[in-house]
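Subject: A structure for you to look at

Hi there,

Here is the structure I promised to pass on. Please open it and keep it beside you while you read my notes.

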Amino acid sequence: MKKLLLFAFASLIFASCGQQKPTKTIADLKAGIKGETTASAKYAAFAEKARLEGKDTVAKLFEAASKAESIHAANHTKALESLGEKMDDFKPEFQVKSTAENLQAAIDGESYEVNTMYPQFLADAKAEKVEKAEKSFNWAYETEKKHLAFYTKALAAVQAHKENTLPFNYAVCPVCGNTYDEATIPANCDFCGTSKDKFIKI
Ligand SMILES: [Fe+2]
Ligand SMILES: [Fe+2]
C-alpha cells in the first residue's frame, strides 16, 4: 500500500511538471539522421561515378553536397542525444546509375525533403518545443533548397553537354552545412553567421 501511494505521488509530480518525451521529434530526428547519412554516402558514390564519366564539375557538386549532408546528420545526432536518446543501427541503401540518372535521383530526394519531410519535422519540433531540433531541421531545410537548385541546373547542363558552364569549386559551412558556389561566398554564413575563413573548400 505504501509503495502504491509512493508511485501515485511520483506519477502526479512527473505529470504536473509536464515532462513528456517529445516522441514525434525523436522519431523525426532518427528519420532525419538516416536520410542525411544515406544522402551523404549516396552523393559520395555519385561523385565517383561522375569522375569516371569525366564530369568533374558535377563530381564537385556531389562532393560538396555529401559533406553538407554529413554535417546535417551530425547536428541531428547532437539534438537527438540532448534528449537522452541514441540512434539505432542502420545501413545506407542506394543505387548508382549514370550521372544524369543520379542527378535525377538527387533532385527527387531533395524535393521530398524540401516539400514534405522538413516542413513536417519543423512543425513537429515547434509543437513539441524542441528548439535544438528545430534549429537543426531548419539549417538542413534551407540547405536542401539550395542543393535542389544546384542539382536542377547541373542536370540541365549535363543534358545539354555543357558541364563546363557549372561552378568548379564550392564551399561548405562546417556549422550548418550551407553550400556555396565559390563565386558567391559571403563574409559570414547566411544561415548561422560563421566566418567564411572557417568554410570547407571543396
Ligand atoms: Fe542536400
Ligand atoms: Fe552556416
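Below is what was found in it, from the whole chain down to one residue.

This is a predicted model, in which local features need pLDDT of at least 70 and side-chain atom pairs count only at pLDDT 80 or more, while totals for chains, interfaces and linings use all residues. Residues are numbered from 1 along each chain as its sequence is written, and chains are lettered from A and ligands numbered from 1 in the order in which they are written.

**The whole chain**

The protein chain has 5 helices and 3 strands, in the order α-α-α-α-α-β-β-β from the N terminus. Helices (H or I, at least four residues) and strands (E, at least two) are DSSP runs, numbered from the N terminus. The C-alpha trace spans about 80 × 40 × 25 Å along its principal axes. Of the 202 residues, 37% count as buried; that takes 20 or more other C-beta atoms within 10 Å of the residue's own, while 12 or fewer is exposed and anything in between partly exposed, with C-beta atoms placed from the backbone.

**A pair of helices**

The axes of H4 (residues 99–127) and H5 (residues 131–159) come within 8 Å and cross at roughly 160°. Axes here are lines fitted to C-alpha atoms, for helices over the stretch in contact, and angles run from 0 to 180 degrees between N-to-C directions. That makes H4 roughly antiparallel to H5, a label for angles over 145 degrees.

**The sheet**

S1 (residues 170–172) pairs with S3 over 2 bridges, and Val-172 has Ile-200 as its bridge partner in S3.

Look for Glu-182 in the loop between S2 and S3. Glu-182 counts as partly exposed because it has 15 C-beta neighbours inside 10 Å. Leaving out residues up to four places away in sequence, Glu-182 touches Pro-167, Asn-169, Tyr-170 and Ala-171; contact means C-beta atoms, placed from the backbone, within 7 Å.

Happy exploring!

Methods: Pairing = 2+ DSSP bridges. Contact = placed C-beta atoms within 7 Å. Parallel < 35°, antiparallel > 145°, perpendicular 65-115°, else oblique.
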